[in-house]
Amino acid sequence: MASPSKKANKTIITKVFNDPIHGSIELHPLLIKIIDTPQFQRLRFIKQLGGVYFVYPGASHNRFEHSIGVGYLAGKLAEALRSRQPELNITDRDVLCVQIAGLCHDLGHGPFSHLYDGMFLTDALEKKEKEMRKNGELGEMEKLEKWKHEKGSCDMLDHMLKQKYLKPAILEEDMTEDRRLQESKEQEEQSKLEQVMMEKHKLNPEDVKDIQEMIAEQESKEQEEQSKLEQVMMEKYNLKPEDVKFIKEIIAEQESKEQKEQSELEQVMEKHNLNSDVVKIIQEIIAEGKKGSSDGLNYQLKPIDLEQMMKEEYGHEPEDVKNIKVMIAEQESKEQKEQSKLEQVMMEKYKLNPEDVKNIQEIIAEGKKYETLKDLMRQYGLKPEEDITFIKEMIAGPLQESKEQEGSCDGLNHLLKPIDEVMMEKYKLKPEDVKNIKVMIAEQESKEQKEQSKLEQEMMKKYNLKPEDVKNIQEMIAKGKKWPYKGRPKEKSFLYEIVSNKKNGVDVDKFDYLARDSSYLGIKNNFDFHRFLKFARVCEVEDKDCKEGKRKTICTRDKEEDHMYHLFYTRHRLHKRACQHRVSQIIQEMIAEAFLKADGHIQIEGSGGRMFTLSTANEDMEAYTKLTDNVFEEILKSSCSELKKAREILQNIISRKSYKFVGERKPKDPIEDWKSRKPSWQIGLAQPLPDKEENILEPEDFEILVIEMDYGMDDKDPIQHVHFYSKSGLNKAKAMPEEKGSRIRTTCFSEQLIRVFCKKIDDKSVEAAKKHFKQWLERNPYLDGSEEARKIQQNIVSGEIYKFVGERKQKVPIKDWKSQITGWKEELAQLLPDEEENNLKPEDFEILVINMDYGMKDKNPVQHMDFYSKKEPDVAKPMSPENAPSIGTENFSEQLIRVFCKKIDEQSVEAARQQFEQW
């Protein structure tokens with residue numbers, strides 16, 4: 001259904017969709033054109049929640065409708081900010097670009113969405129690395145990169161923009177019907193052109209290319225002249241661009257009718273065998289007919305009264321109309337002269353006759369029926385050279401130019417890695433190291449230059465860095481503070497938060513999938529994005545990562561803190577109940593395993609006729625366009641022997657014969673190196689049970705999945721990264737202070753689950769697997785503790801325990817000993833009289849304070865007992881002091897202070913004992 005929408009005094013016919021989540025939504029014609037491409041239509045066949053559909057029957061929605069929803073919401077948020085804050089200077093270009101980014105943000109997803117790049121490609125990359133390591137190709141391994149669907153979205157957008165589409169027969173603004181891609185027809189026309197020009201006219205491909213460039217250059221000149229003409233007409237006669245366009249259409253229509261009447265006249269002349277004198281008379285009659293009088297000839301012209309229309313519509317006199325016609329005629333004369341010059345050059349250079357030139361021009365004119373999306377973008381006021389970069393940046397973050405591609409918007413398709421990540425990879429630093437280094441440099445910047453050498457010395461010593469490393473790190477951090485985007489200036493930084501918010505995760509992508517996924521899964525959604533749209537404002541906030549120390553960001557009201565918390569909690573709950581459901585996860589793992597076994601045996605044709613596999617199709621967007629969830633059915637229904645193993649796995653999924661859940665554990669602190677530990681864990685799980693003579697399970701019979709669940713920002717509280725403004729300060733926003741935030745809230749924002757499954761699904765094997773799992777946990781108690789606890793457990797197993805140094809018994813118990821522990825450790829670490837340097841630090845000592853008593857601290861528990869006598873069994877009372885035994889203890893409690901040394905080598909232990917004696 002079409003619906004008119006007025007923009008800048010120009011009516012644009014939008015299309016209305018009935019969306020199950022957002023109701024009736026309007027979309028711009030350019031968005032419709034994007035939706036009607038094969039690259040976007042492909043999303044109809046990619047499940048939004050991947051393998052979750054095999055567990056939740058309602059999860060049948062696809063990336064197609066989600067992307068339309070995100071495009072719609074992106075426009076709603078941009079329009080809400082524009083209407084609320086006109087000073088932000090949000091233009092129509094900005095709004096349309098934001099909508100396109102929302103619409104195209106998921107173009108790069110592969111089969112079953114995140115399963116493709118998050119599981120299958122990861123496994124394929126590890127497999128390739130093992131093969132390279134085995135073959136000694138260590139240098140080639142460095143070139144391997146983990147591919148992300150955001151990069152695929154940028155690549156697919158580039159591919160889409162390069163395709164040619166059949167131009168509509170009517171104006172794009174009046175589009176009411178879908179128009180599909182006509183790529184094959186365009187290719188046929190191109191082939192026809194090359195065949196005629198090379199075979200008939202004996203031209204080589206270089207000549208064909210030169211001719212096409214000459215004609216294109218001529219067309220460019222004509223367009224420039226045409227633009228100048230329109231500019232003069234608009235300035236001289238106070239016309240708008242659409243007025244000029246309308247006038248030209250009327251004149252063109254009039255000329256078309258004149259040509260038609262002339263043709264009819266010639267037919268009459270031929271039919272009646274008229275001579276030249278009669279022809280002259282008839283032409284005079286026709287000339288009179290053009291002025292409005294006729295003698296009843298049935299072939300007379302009825303021209304549009306342009307003068308009258310100009311008078312009524314624009315208030316211009318006939319003289320103005322005459323001048324306009326003269327200007328257009330002069331322009332056409334210029335074009336004809338240029339055309340004649342072009343034809344002369346073509347005939348002289350390529351030895352063509354006039355008929356050849358005419359044929360070539362007709363074939364090329366046929367090719368003009370096609371256009372690219374870039375052409376349409378220009379028609380709607382976009383600047384592809386800037387706006388394509390902007391759209392990609394909104395999808396994938398800052399883009400990185402290669403030296404060869406510098407300055408080319410099509411080359412900006414490499415994701416720019418975060419500075420922290422680069423530093424960790426290049427210099428083998430931990431996240432906390434990077435954080436500390438940044439703090440040190442920030443502190444240094446506030447000090448005098450003479451302190452610089454001291455800082456560098458400290459960094460080199462602490463992190464084992466070279467002078468050039470320190471310099472590079474400082475340059476990286478300085479560069480990271482510069483505005484990294486090219487599509488829009490930093491004054492419009494908030495636009496980058498609408499589709500994919502890298503700062504706190506509050507974006508329309510999340511708004512749509514929370515509402516849509518919850519609806520299809522049947523899980524309640526407590527977050528109302530309509531309410532967020534009502535309160536959204538742009539404020540300038542402090543940002544240490546910016547050179548100026550401030551940036552503009554999208555904020556919400558301070559009273560909305562709880563509501564924003566629902567956003568992240570709902571996301572976590574959806575992941576826990578559906579996306580990371582233990583059956584959903586193992587089914588997705590099985591699909592990824594099947595794809596890995598099928599990789600190499602399924603061939604997909606890409607550009608230039610090249611063939612690609614499942615794991616390499618993402619390198620060529622023509623091949624990737626053909627890769628959807630349908631590959632599941634292709635494997636399942638194939639009879640190819642090479643696909644037998646993959647087919648069996650998928651058949652087990654369909655028949656509900658998935659791997660059986662054995663058990664899970666939640667480590668207190670995440671195990672960072674779990675990938676390298678998985679093989680040893682599988683071996684440990686397969687260890688024989690004590691009472692069994694025969695072991696029926698092997699390491700490969702166990703599947704271990706490590707699941708990371710959080711609130712969207714690893715272990716951080718996302719609310720601390722959201723900024724709030726108050727009713728009295730609409731333009732001032734800041735993070736919510738902890739003392740003002742709600743206290744009824746979790747303090748832990750991430751958890752790690754280790755899940756174990758058994759691939760053998762018979763009852764006997766599953767029961768045995770559960771016993772193996774129990775045994776494995778008993779032998780690996782660190783799985784239930786923190787990383788530090790795991791190390792301590794390993795030390796206990798290996799006998800490397802802290803060494804006892806000495807103890808003292810206090811005559812008078814020290815009640816506040818906990819507050820004195822730190823001071824005691826510092827005293828213990830004091831230098832010995834004959835030592836210049838102490839190898840023991842306060843943290844190398846462990847102090848235990850033990851209180852021992854009779855159960856009631858320093859009291860005599862017997863004094864709190866009641867005794868009865870033989871004579872009076874029903875009367876009891878405490879023992880009087882004179883009747884109590886005279887031989888007994890007077891003290892009922894004592895306090896021991898024990899000191900241990902964490903360094904267990906003999907030299908350190910001996911030094912610790914001496915320091916203990918000194919203490």
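Lysine 903 and aspartate 844 join their side chains in a salt bridge, with an N to O distance of 3.8 Å. This pair links distant parts of the chain, 59 residues apart. The model is predicted. The structure holds 30 salt bridges, and the chain has 919 residues, 44% of them buried.

- Lysine 903 sits in the loop between β21 (893–901) and α32 (906–918).
- Aspartate 844 sits in the loop between α31 (817–828) and β18 (845–853).
- Lysine 903 is partly exposed, at 31% relative accessibility.
- Aspartate 844 is buried, with a relative accessible area of 12%.

- Arginine 755 is buried, and its relative accessible area is 6%.
- Glutamate 664 counts as partly exposed, because its relative accessibility of 26% falls between the 20% and 50% cut-offs.

**A helix-to-loop salt bridge and its network**
- Aspartate 94 and lysine 492 form a salt bridge with an N to O distance of 2.5 Å.
- Aspartate 94 lies in helix α4, while lysine 492 lies in the loop between α20 and α21, so the pair ties together parts that are 398 residues apart in sequence.
- Aspartate 94 is buried, with a relative accessible area of 2%.
- Lysine 492 has a relative accessibility of 13% and counts as buried, because the cut-off for buried is under 20%.
- Salt bridges that share partners join Arg93, Asp94, Glu386, Asp387, Arg488 and Lys492 into one network.

**Positive surface patch**
- Lys146, Lys148, Lys502 and Lys675 form a positive surface patch.
- Lysine 502 is in the loop between α20 (467–480) and α21 (508–521).
- Lysine 502 has a relative accessible area of 48% and is partly exposed.

- Most residues other than glycine have a negative phi.
- Asparagine 89 is not a glycine, yet has a positive phi of about 60 degrees.
- The loop between α3 (63–84) and α4 (92–104) holds asparagine 89.
- Asparagine 89 is exposed, with a relative accessible area of 51%; the cut-off for exposed is over 50%.
- Serine 113 is not a glycine either, and has a positive phi of about 55 degrees.
- Serine 113 is in the loop between α4 and α5 (114–134).
- Serine 113 counts as buried, at 1% relative accessibility.

**Whole chain**
- The secondary structure comes to 32 helices and 21 strands.
- Among contacts between residues at least 6 apart in sequence, 69% join residues at least 24 apart.
- The chain exposes about 52,700 Å².

How values were computed: Residues numbered from 1 in each chain as written. Predicted model: local features only at pLDDT ≥ 70, side-chain atom pairs only at ≥ 80, totals over all residues. Heavy atoms only, no water. Helix = DSSP H or I, 4+ residues; strand = E, 2+ residues; numbered from the N terminus. Buried < 20%, exposed > 50% of the residue type's maximum accessible area, 1.4 Å probe, protein only. Contact = heavy atoms within 4.5 Å. Areas by Shrake-Rupley, 256 points an atom, 1.4 Å probe, with all protein chains shown as cover. Patch = residues over 30% accessible without salt bridge, like charges linked within 9 Å, V, L, I, M, F, W, Y side chains within 5 Å. Salt bridge = Lys/Arg side-chain N within 4 Å of Asp/Glu carboxyl O. Lys, Arg positive; Asp, Glu negative; His and termini not counted. Charge placed at Lys NZ, Arg CZ, Asp CG, Glu CD.
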